Amino acid sequence: MERQVKRGLSCAAVGMFLLVMGGCSKQDAASKNEIVVWHWLTDREDALETLADQYEKSSGVKVRLEVYAPSDVYSSRIRASAQTNTLPDIFGVLGEPWDLASYIKSGHVMNLEPAMVAEHGAWRHQFYPKALATNTFIAGNQYGVAPGIYGVPLDVTNIQLLYNKDLYKQAGLDPERPPKTWPEWMADWHQLKAVGTPGLVSGWGETWMINCFASNYAFNLMGEQKVLDTYRGKVPYTDPDWINVFSVFDEIRKEGLLVSGAVTMINKAAEQTFANGKAAYAFNGSWCVHPYQEMNPTLSYAPILPPRFSNRFPMRIWGGAGSSLMVNAQSPRREEAIKFLKWLTLEPQQAMLSKETFNLPSNRSSAVALPPILAAFAAHMEETTHPSQWPVSERPAITEAIGKGIQSILIGEKTPVQMAQEIEALKKQQ
């Protein structure tokens, strides 16, 4: 018992020391004309360090970058620092919209809208609107956050269907004529399957990616309003349109389209499978360009919209800001932090980051000279949507149940009707 008390006092002393040192480091940063940035972006660590050096030479302000990875370690550090008011001048908030909302409502994230709209909106206008929307809260939002723009996007992303051009050639298909409709996709797949080519791979062991694919077809089959009305409880999941959405996955099962093991596969393993030419198709985001380049520099592929099932409504894909940084609302150097982020998102710096990291720049002007594969992703940014941009979202318990239910459909354990009935029953309980 005595040892535990001593250990507790020791830990408390260490905690107090770290808290004091954290406070001192903030004051030191202010006195040294320095701003501190915490990030998790290991793929662009070197590029950011190079840009930080350039900024110091041009402005006289030192930017100290500290990287913490992986993302769960980073998020834990941000949460702990928020509780002790020791956040750096600039940081990122990972997670869902309600995570960002909680930091904003706790007074940790600065509203950047005044800076964005200054000088006739010069800063705001350089971004893709969908990128800013990811970190924007509108009036009357469900999170109770004051309207404003609370993050600066460093890059943008979207998730599409990819196809292997070389495997298309080997099957006698035209690699420059990918499928646009579901019947065209199935016709191509039958020709690929006839020569022994594996089909579709994706990290569908991560249920959010299944929900993303399902959302694409929900928007295509019933339109945005009906999807959102379902989340509001006005439309049941047993509605025929939702049965059709779930039936998309039943058809994938019946056609043998999914690569063996994809139902439980994490996305990194799925990327390796596609990069090695062991799948004709992949469902993945624009972030894949970098790992594919490292895994197989000769891989010939292209992104396309998921082939539409219906002509009633357009196909919508998930997308928006990829990585975003926020300004600490309590930082004594928040104005200097804003100046640095303005500089970091100018066209030359954005072009450099895109070239070094194979990510889509958030500055639209920097997208002019993109490599063809990134340009193909960027061409569909205006067709993106994302749960963070919707006026209402489904409860996490329901989205998790939908993802697991679709997994059951894909392995033949449940029918679309059975799954819809179970989801609707759970919805009523919720």
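Colleague: How many residues apart in helix α13 are Glu336 and Lys339, and what turn separates them?
Modeller: This is a predicted model. Glu336 pairs with Lys339 in a salt bridge, with the closest N and O atoms 3.9 Å apart. Helix α13 spans residues 334-344, and both residues sit in that helix. They are three residues apart, separated by about one helical turn.

Colleague: Is Lys339 buried or partly exposed?
Modeller: Buried means under 20% relative accessible area, and exposed means over 50%. Lys339 has a relative accessible area of 49%. Lys339 is therefore partly exposed.

Colleague: Where do Asp239 and Lys226 lie, and how many residues apart are they?
Modeller: Their side chains meet in a salt bridge, at 3.0 Å from N to O. The pair links distant parts of the chain. Asp239 is in the loop between α9 (207-231) and α10 (240-255), while Lys226 is in helix α9. The two are 13 residues apart.

Colleague: How far apart are the closest N and O atoms of Arg64 and Glu66?
Modeller: Arg64 is partly exposed, at 27% relative accessibility. Glu66 is buried, with a relative accessible area of 19%. The two form a salt bridge, and their closest N and O atoms are apart by 2.3 Å.

Colleague: Which elements do the buried residues of α11 pack against?
Modeller: Helix α11 covers residues 267-275. Its buried residues are Asn267, Ala270, Glu271, Thr273, Phe274 and Ala275. They pack against β7 (155-164), β8 (200-201), α9, β9 (281-285), α12 (289-295) and β10 (301-304).

Colleague: What is the phi of Gly277?
Modeller: Gly277 follows α11. Its phi is positive, near 75°.

Colleague: Which residues does Ser354 contact, leaving aside neighbours within four places in sequence?
Modeller: Ser354 has its place in helix α14, residues 347-357. At 7% relative accessibility, Ser354 counts as buried. Its contacts beyond those neighbours are Asn359, Pro361, Leu370 and Leu374.

Colleague: What does Lys342 touch, not counting residues up to four places away in sequence?
Modeller: Lys342 is in helix α13. Lys342 is partly exposed, with a relative accessible area of 30%. With that sequence limit, Lys342 touches Ala115 and Trp123.

Colleague: What separates the C-alpha atoms of Lys342 and Asp250?
Modeller: Along the chain, Lys342 and Asp250 are 92 residues apart. Their C-alpha atoms are separated by 48 Å.

Conventions:
Residues are numbered from 1 along each chain as its sequence is written. This is a predicted model: local features need pLDDT of at least 70, side-chain atom pairs count only at pLDDT 80 or more; totals for chains, interfaces and linings use all residues. Side-chain values use heavy atoms; hydrogens and water are left out. A salt bridge is a side-chain nitrogen of Lys or Arg within 4 Å of a carboxyl oxygen of Asp or Glu. Buried means under 20% relative accessible area, exposed over 50%, partly exposed in between (1.4 Å probe, protein chains only). Helices (H or I, at least four residues) and strands (E, at least two) are DSSP runs, numbered from the N terminus. Contact means heavy atoms within 4.5 Å.
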